[in-house]
Structures are given as structure tokens and as C-alpha cells.
2 protein chains.
Amino acid sequence: MTRASSRRPGPPTRTERGIPEATVARLPVYLRALTALSDSGIATASSEDLATAAGVNSAKLRKDLSYLGSYGTRGVGYDVEYLRYQIAREIGVTQDWAVVIVGIGNLGHALANYSGFGTRGFRIVALLDADPNLVGERIGDMEVRDFAELEDIVETDRVSIGVITTPAGPAQEVCDRLVAAGVTSILNFAPVVLSVPDGVDIRKVDLSIELQILAYHEQRKSGEAALPQVPELPAMNGLTDLPSVGGGVGA
Amino acid sequence: MTRASSRRPGPPTRTERGIPEATVARLPVYLRALTALSDSGIATASSEDLATAAGVNSAKLRKDLSYLGSYGTRGVGYDVEYLRYQIAREIGVTQDWAVVIVGIGNLGHALANYSGFGTRGFRIVALLDADPNLVGERIGDMEVRDFAELEDIVETDRVSIGVITTPAGPAQEVCDRLVAAGVTSILNFAPVVLSVPDGVDIRKVDLSIELQILAYHEQRKSGEAALPQVPELPAMNGLTDLPSVGGGVGA
DNA sequence: CCGATTTTGTTCTCACGTTCACAAGCTCCT
DNA sequence: AGGAGCTTGTGAACGTGAGAACAAAATCGG
């Protein structure tokens with residue numbers, strides 16, 4: 001990074017057709033909004049319309065779309081079907097991706113039943129669990145299979161996406177197995193930080209983190225100046241004579 | 001914003017004790033890492049140790065913690081229990097927040113059973129659904145109650161957080177009812193953009209969006225230069241004579 | 001008591017993301 | 001045909017976030 005001095009400020013130096021990560025994260029939202037408009041029989045929409053439907057600001061939406069190309073018509077707007085197809089293609093959901101779900105507890109169950117599995121583009125090819133009691137159980141039109149079959153399934157069905165819905169304990173091990181089997185994208189619901197080699201993408205969904213973020217803002221609303229006024233345990237000099245604060249976070 | 005000229009660049013002008021949003025989102029991760037260390041009987045940890053456990057870079061971790069105060073000891077590190085308490089207090093999970101879950105389908109079921117409900121700090125006080133067939137069903141030690149009881153429950157139990165696990169259709173209506181009843185933080189699992197008045201915080205968890213983001217990156221990995229080479233339907237002049245692209249995204 | 005060593009807290013710089021504002025371009029009406 | 005009126009696409013300004021680097025503070029050994 002010592003060549004920084006010779007760089008113009010310019011746009012973020014997008015490599016070839018690299019789309020900024022923040023934009024990628026919004027494309028699915030636009031896709032859904034377009035589908036909804038399409039279902040309502042609307043054929044054309046302005047950036048303002050779309051932005052409202054997607055819950056963002058119209059300038060941002062236009063800039064996001066501009067990374068894909070010039071798919072709008074000035075003075076008119078965007079053709080809903082056409083733009084929908086272009087975004088779907090850019091994301092890659094015009095083809096179907098094979099997905100395995102590992103860990104068929106409550107959450108795995110729920111995801112397995114998730115009809116349509118979102119906006120299509122994904123196909124669950126296997127539900128896996130290591131618990132012999134669960135293997136063989138039918139969920140919808142699928143049957144839970146033994147986790148030991150993972151490697152076969154990944155190879156046979158060209159699985160590239162794995163969903164981890166195990167408890168925290170076995171999650172890293174499951175993750176390693178998935179990666180070794182050839183899965184290169186992982187969606188993790190287990191409350192742990194998973195480590196994966198370069199080249200493997202990982203995303204995390206964590207209920208309790210989301211709740212805690214809400215709690216933080218909630219506290220500031222109700223509290224305002226009524227916070228417990230810095231119970232900082234003032235006598236914090238050495239580390240050895242610490243009062244036993246802990247253990248009782250929930251007490 | 002015309003007074004911008006008189007401002008030094010400086011740090012983000014944090015108002016009083018305002019913590020940057022990006023930092024707030026990481027605090028729960030640190031909290032979990034600290035709890036894990038504590039459970040392992042580790043009493044002191046350096047920023048490097050903590051950063052590894054939390055999956056972030058140590059400089060970032062130190063900066064994040066510095067927004068809370070100076071809770072470390074130079075040359076030594078952080079006392080695990082002490083720091084854990086401070087973060088828990090800052091987030092607001094030293095007290096318990098009452099939560100209602102609306103929509104007891106597969107996902108609502110799964111969340112209701114989610115033992116411990118994450119890292120504690122939250123208490124599910126009601127499971128609600130509008131479907132009379134579900135009302136009365138027992139889940140764990142709770143019983144599904146009628147959505148009509150919402151207002152009573154919110155008032156009685158001082159509920160400030162609502163979780164929406166309904167289908168997309170009724171989600172906005174449920175959201176409005178929650179807000180009207182006095183709920184000021186919402187965690188939305190329904191695949192729609194909900195609109196809420198100012199002062200209400202909303203966070204969204206969306207499985208299919210996460211999968212689509214993974215698909216985008218997956219496509220660039222496997223595809224590289226092998227992309228279907230811009231099927232841009234070149235004859236895109238007028239909007240009226242568009243070929244019927246759509247309908248068949250998944251076909 | 002003093003210097004060596006360790007590790008925090010903070011400053012500085014660069015990269016990224018968002019928003020404003022406007023020229024370019026399209027359609028429609030006269 | 002030509003001008004009025006919209007709406008896109010984008011350049012520029014601003015704000016936020018990340019990471020490198022270092023000074024300040026604490027411990028430890030002699």
C-alpha cells in the first residue's frame with residue numbers, strides 16, 4: 001500500500017465489473033421490490049418509486065443500478081421486467097444453486113420448510129444431521145440424511161452453498177467438513193465465529209446479536225439521562241483485588 | 001449543514017456518549033468472546049487475544065473499546081470479568097428486556113424454543129398468533145395467545161421489543177399494531193420492508209437476501225471470465241416492444 | 001530505583017459509502 | 001420542428017469506518 005501516493009482519488013477503483021459490497025447487499029432488496037411491482041402489474045417505475053418500495057433513497061438506488069449498466073430510460077424510468085432480469089442475472093439467481101442444510105434442530109426444521117426458499121434460485125438438495133435419531137425423518141418432501149454422506153452429496157449435486165444450523169459446539173467442525181468437501185459459501189446461524197480459508201465466503205445470521213443491538217438503542221431511548229450514572233466500580237486500581245463483578249450479568 | 005466550513009475534520013463528533021453504529025454491532029460479539037474466555041477460566045486477555053476470539057483486528061477492537069472508556073491496563077490487558085460487565089452494561093443486557101414474538105409458524109416455533117434466548121438479557125413474555133387453531137398450543141413452558149391480547153400484554157409486561165415472524169402479507173399490519181401498542185424496537189424476519197415512525201428502531205433478518213449475496217460471490221468464483229457474456233438483449237430501444245424477458249427467472 | 005518490555009489508548013491517513021446537485025437525454029405537446 | 005418537462009446517470013463534497021503506527025502507562029527483573 002505504499003503506492004498510494006500515485007493514486008488519483010477517483011471512484012473506489014472498481015476492478016473490472018466489481019460491484020461495491022454495500023451495493024451487492026441491496027440488490028436482492030431491489031429484486032424483491034421489482035417482483036412485487038411486477039406482480040401488481042406495473043410495467044415501468046421511476047427510481048423514486050423503486051426507492052420507496054425498497055426503503056432507500058433514490059440517489060443511492062440510481063447509483064447502485066449504475067454499477068450494473070445503463071438500464072433505465074431518462075425521462076421515463078426503468079422497465080420493471082427488464083431490470084428485474086438484469087439484477088437476477090447479476091446476482092446469479094437465474095440459475096439454481098444447490099444448498100445443503102446441516103443441523104436439523106428447530107431452526108433447521110424451519111428453514112427446510114421455508115416454502116420456495118425465498119425468491120427461488122436455490123434448491124435444497126439435502127438435510128443432514130449427525131444424530132441417528134433424526135436420520136430418516138421426513139420433512140416436507142425430503143428425508144434427513146446422515147452427515148457422513150456429506151462428501152458424496154456435495155460431489156454428486158455440485159453443492160456450493162452450505163447452511164449451518166447446528167449448536168455452537170460442533171459448528172466449526174461442520175464448517176471444516178463442508179469446506180473440505182468443496183463447499184465455497186457458508187451461511188452460519190450458529191453463535192460462533194467460524195474461521196475459513198481464503199476463497200470461502202461466509203455470512204452470519206445471529207439472533208441474539210440483533211436483539212442486543214436493539215437493546216442498546218432501547219436503553220438510550222428510555223434511559224436518556226437516567227442511566228445508572230456510571231457504576232464504574234471506582235476502586236479499579238490493581239487487577240488482583242477486583243471485586244467479583246461477574247457471574248451475575250443476568251442477576 | 002452550511003456550518004461545515006468551521007468544523008475541523010477530527011473524530012466523527014460523537015455527541016456525548018454516542019458510540020458509532022459499527023462499534024455497537026460488534027460489542028455483542030466481544031461480549032460473547034469474553035463469556036467464552038471466562039467459561040474457560042481465563043481471567044485476563046490482551047486485545048490480541050480478544051480480537052482473535054472475536055474474529056476482528058486488534059486495533060479495531062481497541063478502538064471500539066476505547067469508546068466505552070479506559071477499561072484496560074497497559075502492559076497487561078483486560079480483566080475478562082470486568083470488561084464483560086462493562087460491555088453488558090453498555091449494551092443494556094444487565095437488565096432483562098421483555099420480548100413478544102408474533103407469528104408462530106415454523107420460524108416462530110424455532111425462536112420460541114431457542115433455549116436461553118441467546119446470551120440472556122431477554123425474556124419472552126408472549127407468543128402471539130392470529131390463527132385460532134394455534135392459540136392455546138403449548139411450546140416449551142409457554143402457551144400461544146391470541147394476537148388480540150397484544151395491547152394488554154405490552155402494557156402489563158412493559159414490552160419494548162417485538163419480533164415479527166409472520167409471512168410477508170400481514171407483517172406491516174402487525175408492525176403497526178406493535179408500534180401503536182408501545183413497542184419501540186422491532187426485529188423483522190418477514191421478507192418485506194417495514195415502515196415505522198421515527199423513534200422506532202427496526203432491524204431485519206432475511207435468509208433469502210443472505211443467500212443471494214452468497215450466490216453473487218459464488219457466481220464470480222466459478223464464472224470468472226466464463227459468464228454468459230452479457231445477454232443484454234441488445235434490441236432495447238423503445239420500452240413498448242420489449243421481448244417478454246420475465247416471468248421465467250427460475251425457468 | 002531504573003531500564004527493558006509489554007500492551008493499551010489515540011492520532012493520522014486512507015478507503016469506502018452516502019448524498020447532493022446537475023448536465024445529458026428522452027418524451028410529449030404545440 | 002422545437003421547446004417544456006421529467007428522470008436518469010454521474011461528478012463532487014461530505015461523513016463514517018478501518019488500519020498502521022506510535023506515545024503513554026503499567027509491570028518486572030536486577
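In this predicted model, the surface near DNA strand D draws on both protein chains: α2 (47–54), α3 and β3 (77–79) of chain A, together with α1 (21–39) and α3 of chain B, each supply at least two residues. Of these elements, α3(A) gives the most, with five residues. In total, 31 residues surround DNA strand D, and the closest are A:S47, A:G72, A:G75, B:P20 and B:G75. By residue type, this surface divides into 12 nonpolar, 12 polar and seven charged residues.

The largest share of the surface near DNA strand C, five residues, belongs to α3(B). Its make-up is 12 nonpolar, 12 polar and nine charged residues.

A backbone detail also deserves a look. A:R158 is not a glycine, yet it has a positive phi of about 50 degrees. This arginine sits in the loop that runs between α6 (150–157) and β8 (161–164) of chain A. With 12 other C-beta atoms within 10 Å, A:R158 counts as exposed, because 12 or fewer such neighbours is the cut-off for that class.

In chain B, B:R158 likewise has a positive phi of about 50 degrees without being a glycine. The loop between α6 (150–157) and β8 (161–164) of chain B holds B:R158, and this residue is exposed, since 12 other C-beta atoms lie within 10 Å.

How values were computed. Residues are numbered from 1 along each chain as its sequence is written. Chains are lettered from A and ligands numbered from 1 in the order in which they are written. This is a predicted model: local features need pLDDT of at least 70, side-chain atom pairs count only at pLDDT 80 or more; totals for chains, interfaces and linings use all residues. Helices (H or I, at least four residues) and strands (E, at least two) are DSSP runs, numbered from the N terminus. Ala, Val, Leu, Ile, Met, Phe, Trp, Tyr, Cys and Pro count as nonpolar, Asp, Glu, Lys and Arg as charged, and the others, Gly among them, as polar. A residue is near a molecule or strand if its C-beta atom, placed from the backbone, lies within 6 Å of it. A residue is buried if 20 or more other C-beta atoms lie within 10 Å of its own, exposed if 12 or fewer, and partly exposed in between; C-beta atoms are placed from the backbone.
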